[in-house]
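Today I opened a new model and wanted to get my bearings in it. Here is my notebook page, in the order I looked things up.

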Amino acid sequence: MSLLAVRALSRSFGGLRALDGVDLALAEGEILGVIGPNGAGKTTLFGVIAGSLPPSAGEVQLAGRHIGGMPAHRIVRAGVVRTHQIVRPFPHLTVLENATVAALHAGGRASGPAPSRAAEVLEFVGLADRADRLPGTLTLAARKRVELARALATAPRVLLLDEVIAGLAPAEAHALAALIRRIRDERGASIIMIEHVMPAVMSLSDRVVVLDHGKRIAEGTPAEVVRDPQVLAAYLGPGGAP
Amino acid sequence: MIGRIPRGGAAGCAAAVALLAAAPVVLDLTPYSHNLLTLAFLMIAGALAWNWMGGYVGQVSFGHAIMFGIGGFVSARLVLSGALPAPLAWIAGGLVGGVAALGAHPMLRLRGPYFSIATIGVGEAARLIFTYWESFTGGSSGLSLPIDPILKYQLYWWSLWLAAGVAAASWLMRRSTLGLQLLAIKSDVEAAADVGVSATFYQDLVFCLSGAVVGLTGALYASYFAYIEPADLFGFDRSIGFVLMAVIGGLGTPFGPILGAVVFVLLRQSLLATYPQLYLGLYGGLLIVIILFEPLGLTGLGLRTARLVRRLRASRSAARAA
């Protein structure tokens, strides 16, 4: 049985169907890539799964338990957490305090005092030496790691990563891709990642789902997906396929 | 980051409280000073509790007079009925104030200016309701309480303990994981929800605690002045007073509202008699200056001065070394 199951999920904004009957399944220990052109509904998908947006229709199940439509803070406690494409650290809290706030909401999946669990997460993402800094004094790459640390501090079963690699210099991008793999291998979190940086998606993902105009248009291994004529049409326009 | 006290700060605070506790006996205070200090202690407690909501959570309430008035009138009725000894009547007033604060739940979905405007409306509605509810509040002629002069004298210490207790609670709240979550809600309510912080729960909790303390403050105030009327306890001036004290002292800082309350009470008393119109103008001016130049109020000014002194000292010792 899949760990996270999304069935016929829809979300409309007025007349715009940002998500239109999307089905999706994430297996335990899997890294699932989500790609698609701008406006395909990828971030809306994360918003609905994480509880920031209520779904218009459809359901979300975590290990058989219905979580669709729950408020975000309860979904975090259930074990699903998201990061933001544009990082949103709490600016007046130190890096350690940022992670500590999140560590308070691990929902019984972790034991020990929140500050020490937060410190452990900072060690894991490589921010231990910057624990007492304010996020505003860090580089973008480091702030992306703060965003990751905060999500990891909730001891998630499912981690939703919204473009954590995009916008980074190649060396940092490689380091972060390696970190994402370690999150799956060493912390046991299953991951859905939205990413525009194709080499990263292709090398990290076990499977890839392609969204376009709120619909799932393809699914398969990275190699299958890039050859799919519908995917090429979505990215390059009809007739763009060689 | 805000609110680290220097080493020995706790000892200093304890010494200040001890000094104030000894003052009436040692210094043989005039009734005027006795009065002024008691009022200052009560306003310190109220301003600190207001700051939990307005400063820590960032939800600026212009309606805290509701809880102040409810605490005052509930305790006054209990004292008048003779059913409870005064201290228990005060606690009951505080509890009812806390429960009444939970009524803010639907408003707490609003944030920022929308919340503030809603509290103005509800505050004014409450003032009118309690003014016309003559069987409970005595209407515009108010209530007189049979307060024993000894109890009135002792209220100096009760008020001091209350202020000291609320100050300690402010400090602990700021340092605790609760304080971190409140700051997270204040800076980004959605990002906070995305890491598991329920703004609804913590706002209700803090508003309830803040309302209970303000209710307790109102109860002590009612007994101390022995005469209360809805126009004073539920008045808009009362609500504005809490906002001003916290903002003048330093919004969101754990101890700033203490400074703000002292300045507020002193200015008000010294100007009210001589220039009754001037003091409101002065507050208005002070508020504009603070919001424009020093968002952390007197606390910010103090921190800035300390930094300046340190820099001057450093450059002087560097000059001497060279």
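**Entry 1, domains.** I kept in mind that this is a predicted model. I found chain A divided into domain 1 (1–79 + 156–242) and domain 2 (87–154). Their C-alpha centres lie 23 Å apart. For the contact between them, I noted 14 residues from domain 1 of chain A and eleven residues from domain 2 of chain A. Which helix gives the largest share of the domain 1 side? I found that helix 6 of chain A does, with five residues. That side divides into nine nonpolar, two polar and three charged residues.

**Entry 2, the sheet.** Next I followed an open sheet of six strands in chain A, in the order 6-7-8-3-9-10, with mixed pairing. I marked strand 6 and strand 10 (215–220) of chain A as the edges, since each pairs on one side only. On average, neighbouring strands are turned by 20° against each other, direction ignored. I then looked at strand 3 (residues 31–35) and strand 9 (residues 207–212) of chain A, which run parallel and are joined by four bridges. There I saw A:V34 standing opposite A:V209. Helix 9 (residues 229–236) of chain A lies across strand 9 and strand 10, at about 130° to strand 10.

How many residues does each chain bring to the contact? I noted 25 from chain A and 16 from chain B. Helix 2 (72–78), strand 6 (80–82) and helix 3 (95–103) of chain A each supply at least two residues of the chain A side. I sorted that side into twelve nonpolar, eight polar and five charged residues.

Terms used:
Residues numbered from 1 in each chain as written. Chains lettered and ligands numbered in written order. Predicted model: local features only at pLDDT ≥ 70, side-chain atom pairs only at ≥ 80, totals over all residues. Contact = placed C-beta atoms within 7 Å. Nonpolar A, V, L, I, M, F, W, Y, C, P; charged D, E, K, R; others polar. Domains from an automatic or database assignment. Pairing = 2+ DSSP bridges. Axes fitted to C-alpha atoms, helices over the stretch in contact; angles between N-to-C directions.
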